[in-house]
Amino acid sequence: MKYYITDNQNTAISLSEIPEVEYAALYEDLKERLADSSYHVAHYFACPEENRLKFYLILLNDAEHKVMVSSFAMEYYDDIALPSLSALHPQMHPFEREITELYNVEFDSMPWNKPLRFPYNRRNQNSTMDNYPFYTIEGDSLHEVNVGPIHAGIIEPGAFRFICNGENVLHLEIALGYQHRGVENEFTSTTNRLRQTLLAESIAGDSAVSHAVAFTMATEKLMGIHNENLNIERTIALELERMAMHIADTGALCTDVAYQLGQVACEALRTVTINTTQAWCGNRFGKGLIRPCGTNKPLTAEKIDMIRKNIAEVRRRYNEVKEDIESSPTILARFEQCGLVPKAEMLRIGGVGMASRASGAKRDIRSSHPYAAYAQHIDHQMVTMRDGDVMSRLMVRCQEVLQSADYIEQLLANYTPSSLPRPDYTTTLQSEKLSIGLIEGWRGEICHVAITDKEGAIVTYKVKDPSLHNWLGLAIAVRSEGISDFPINNKSFNLSYCGHDL
Amino acid sequence: MAIVLNTLLIILTAIAIPGLINRTRAVLAGRKGVPFVQHLRNVKVLLSKGTVYSTTTTALFKIAPAIYLGAAIVAALMIPVADLYPLISFKGDVICFAYTLALARVIIIMAAMDTGSSFEGMGAAREALYGALIEPALMIGFATLALFCGYTSFADIFEYEQSFDLHLTIVMLLTAFLFLKIAFVESGRVPVDDPRTHLELTMIHEVMCLDYSGIDMGMIHIAGWLKTACFSMIAANAVAATGCFHWWFAVPFAVLLTGLSVGIVESTQARNKLSRNTTFIVTISALAALIFFIGYLLKLNINI
């Protein structure tokens, strides 16, 4: 089985260099490799290429820090057997569901072939969101609770169907897709790179910086541009976003168990953090900060001082909150041993990011596939926990906030601001290439893939938010938990609806 | 005159407690917080609004808030304020008080079931369970109050039991603590319930009122304040009986006792896991039994 092997810093890959194999070979190879936890699939998608349907597979090898790319193709009238990989490795499930939904490619014996996002469904045109048959269990002592899709508060839409025995959840099915906006098509429908950058920033509002960095990484690889100082500034922006979101989630978890002191302390600290980002770039969520090939908001000596001062203060105060939480019996009683996702389950479903690290899975692109400043300036030691309960997910957050603060301080202490180039929206992209933007956002692994045509225009753009994998983790976490503990489990994952729905 | 003053003071207590809880929480959170009378303004807005009814509900749903409030008012009118005299007082009014509030609970549970909402059904199930579990504590608490004097009317009990007797003082203080705990459960406060949560799946009392709006919602709020005031006043009376049996002591004490303790607990600790609530409430009943037992021994004049 042949792969094109690269790492997360090399330039874009020529399409002609990507080996094209038989599906049978790919199936046999993945069957074995995915049983090894050091491998996981970053992306697996299909796209039309001339008269064929081309499938690309991007496999990550965490142990050897490699990115492995392979492909296979199908003619329109081809009738090759496509045995489903989901049956063996559930981490392939969302990818196969997407391919089935978009191109009516049927994988044989695929378990639970439900649509992923419910756009126009080629496989079954009568299948829409409104008539989706939720999984049911018959029983006199059971009842169903439906939550959503309209959220009672201010967040996004998603339908949750609980099957409960009294207060206990037997099964939770999550139906998403209500937020589907056709982001991937929008990327290809314009050649205006500024517009594409803005699109990337809008994929998921809470990961504006992360998705923008993934997009700029993918496009800069297509131009062969690499600027060390620019990468350092982006890394700082990423860590600021990570801090802000982790602090906000700590506060939200405290809110959900009615622990007021933790809530107000974290709300205040989150404000300081996002206001620091605002003082740097004019937007609290870092929109406008990340631009291809350059920046409009370079760091200056004053801004560096301001960031270092604020972050040191946030770190000190957040550490107090952390110690407070760790020493509060009523909070530990709520968070410990609640919503367990064992490591084996997390690996099976292909969980990524902080939720997987809370279960003990070693998944962190910053150390497995270093990029930007993580490649040279930071020796990233990933934070992992063992239990995979709500407390572990909270503690991963707590420690990552402190770690991020240290990284920001370390980078800024040795950083001399230089004149960075202005953004460049016009340079033509290299033609017939495949480029990968692979980064660790605060939630987990974000993977953008861009494919260019002969003229250097992006013809296929694929986005993967970590939520795609981790929603299933939430469904597993609440099994046999009390239904009233669903909100803290949900908050402990804090997954994105629009990141999943695109 | 004493009866009118008594009634007015109960109402004042009912109004002041939520205000003090909010202020305590705000101060402890380092926030400016809402004004003391914000809850009154909110209810004023609610009372001036019309209501919206779900099409699945019946007449039961519409009359429930009125019965709920009515029951709470009747219950509140049975509570004396230290040396004053309540409007409704007769032999056995402690039992009547307990079951008037039980009537309020039953009607609101039925109204919640009437909506057919899965959330409200869950809330109703929880409320019914916790209501059943707290009832022994309430009954044993009343028995402890009646233990020394043998009367079964609030007014008579507190009238008789004011003394500087050490034994009685111990029992009265313990009973006051018991009724404070019952007040936490009955008014749906942390750690049992969280009146501020927006998460339907975790709610108990709030989720049963999700379909109510406008004037109905206002009535439910007022009934809640009255219920809290009743239990606080019983606790305050028990304390007042041990030394300073005057209304000008009992009223501020009732407000401060509940207002501060609820405010502090809600600021500094997390809510129980729902499955632990049953243990928490049964423990209150066990505590009630223990206090009754202590009271019984003391009544027999065992030396301590």
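The model is predicted.

Start with strand β4 of chain A, residues 52-61. This strand is mostly covered, with 7 of its 10 residues buried. Strands of a sheet pair through backbone hydrogen bonds, either parallel or antiparallel. β4(A) pairs in the antiparallel sense with β3(A), residues 39-49, over 10 bridges. Here Leu60(A) in β4(A) stands opposite His40(A). The hairpin of β3(A) and β4(A) has 2 residues between the strands. In that hairpin, Glu50(A) takes a positive phi near 50°.

Now look at the next partner. Ile58(A) has Val69(A) in β5(A) as its bridge partner. The hairpin of β4(A) and β5(A) has 4 residues between the strands. There, His65(A) takes a positive phi near 60°.

Move on to an open sheet of 3 strands. Its order is β6-β7-β8 in chain A, and the pairing is antiparallel. β6 (142-147) and β8 (168-175) are the edge strands, each pairing on one side only. From one strand to the next, the twist averages 20°. One of the paired residues is Ile163(A), whose bridge partner in β8(A) is His171(A).

Finally, turn to the contact between the chains. Chain A and chain B each bring 24 residues to the contact. On the side of chain A that touches chain B, β6, α7 (260-281), α9 (329-335) and α16 (486-493) each give two or more residues. By class, that side has 12 nonpolar, 7 polar and 5 charged residues.

Note on methods. Residues are numbered from 1 along each chain as its sequence is written. Chains are lettered from A and ligands numbered from 1 in the order in which they are written. This is a predicted model: local features need pLDDT of at least 70, side-chain atom pairs count only at pLDDT 80 or more; totals for chains, interfaces and linings use all residues. Two strands pair if DSSP finds at least two bridges between them. Axes are lines fitted to C-alpha atoms, for helices over the stretch in contact, and angles run from 0 to 180 degrees between N-to-C directions. Two residues are in contact if their C-beta atoms, placed from the backbone, lie within 7 Å. Ala, Val, Leu, Ile, Met, Phe, Trp, Tyr, Cys and Pro count as nonpolar, Asp, Glu, Lys and Arg as charged, and the others, Gly among them, as polar. A residue is buried if 20 or more other C-beta atoms lie within 10 Å of its own, exposed if 12 or fewer, and partly exposed in between; C-beta atoms are placed from the backbone.
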